[in-house]
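Please look at the sequence and structure below.

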Amino acid sequence: MTMSVPARRRRAPTIHDVAREAGVSRGTVSRFLNGGHNVSAVSAKAVEEAIRKTGYVLNRHARSLITGRSGSAAFLLTEPQEKFFEDPNFNVLLRGCTQALAAHDIPLLMMIAGTREEQRRLLRYVTSGHVDGVLLVSSHTGDPVAEQLAEAGVPVVLCGKPMGPGGRMAHVAADDRDGAREMVRHLVGLGRRRIGTVTGPLDTPGGVERLAGYREVLAESGLPVAQELIATGDYSREGGEAAATALLARRPDLDALFVASDLMAQGALAALTAAGRRVPQDVAVGGFDDSSAAVASRPALTTIRQPWDRISQEMVRLLLARISGEDTSAVILPTELVRRQST
């Protein structure tokens, strides 16, 4: 009776095989796999091709034992869960960050912690080493999570300009003030003279900066900065409708409205329709973000475009640098006026 000899199992390709195939050092391959820092474009292309040819698959568990890293990052939103589903900006940002990290073969864990208890629980998880760094989306002043992460030694990058003591933390933001200035100058250029605004929450950087830009342009245009033309919203559609309704009650003669988010601007359009005001004939309306809400509005919104793709890419770039122990600085990106039918 003949005994069959089992086929020898093929050895899995290693990082040494990749280095030999690419014609580079093992250290170069290691740096490429850990974020690509200090790897030339030529070497990176050679390593990518070698990985494809050899069929090398990164053993994350083995690497984590050697490096002390998890090989993953977290996208942490410290807002109520319903905000993620209501505000289209969060979805766009999450998708962009996921794609940017996928280019480095790093998975992204999404976490939502809108209450203090949820934040405490997730802080315990993050600071136990389950992720290598955090992309933090936190709009309100006084949110302790960013500083608690930093104090625990967790690399963190914020979306948006931080306020208060955390102002020096690594962050990526659009230029809120300049975007507001561009929108209000556009409304003034249309001949509008009674320009109201629905601000974001005034404990958020966007709320403060966009209101400041509105005030500056009115002042430089010789138009009165009247408090009765200012109402505070909360970045929700309902909040925008309520704020615009209050403005119309105080100043039924307003002829333009700058709203600090597209979602709030949708609510403002509903308030104007209910009051029998035509847009843009009676009241020109401008939003902020260039989100899907701007295109879905009727009429479609003139708005300020935030470069969400670049914001995502820069957040990931800064986070990978911080994970590697590099110092980073803030990145402020320009905005752009997008003209549609509401002005």
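Strand E1 and strand E3 (residues 134-137) are paired in the parallel sense through four bridges; strands count as paired if DSSP finds at least two bridges between them. Strands (E, at least two residues) and helices (H or I, at least four) are DSSP runs numbered from the N terminus. Val-137 of E3 is the bridge partner of Leu-77. E1 is also joined to strand E2 (residues 108-112), again in parallel, by five bridges, and Phe-75 stands opposite Met-110 in E2.

This is a predicted model: local features need pLDDT of at least 70 and side-chain atom pairs count only at pLDDT 80 or more, while totals for chains, interfaces and linings use all residues. Residues are numbered from 1 along each chain as its sequence is written, and side-chain values use heavy atoms, with hydrogens and water left out.

Five of the five residues of E1 (residues 73-77) are buried, so this strand is largely enclosed by the rest of the structure. Buried means under 20% relative accessible area (1.4 Å probe, protein chains only). In a regular strand the side chains alternate between the two faces of the sheet. Ala-73, Phe-75 and Leu-77 point one way from E1, Ala-74 and Leu-76 the other.

Elsewhere, four strands form an open sheet in the order E7-E6-E8-E9, with parallel pairing. Its edge strands, E7 (230-232) and E9 (284-286), each pair on one side only. Strands E6 (residues 195-199) and E8 (residues 256-259) share four bridges, with Thr-197 opposite Phe-258 in E8.

Helix H10 (residues 205-220) packs on this sheet and touches E6, E7 and E8, contact meaning heavy atoms within 4.5 Å.

Methods:
Buried < 20%, exposed > 50% of the residue type's maximum accessible area, 1.4 Å probe, protein only. Axes fitted to C-alpha atoms, helices over the stretch in contact; angles between N-to-C directions.
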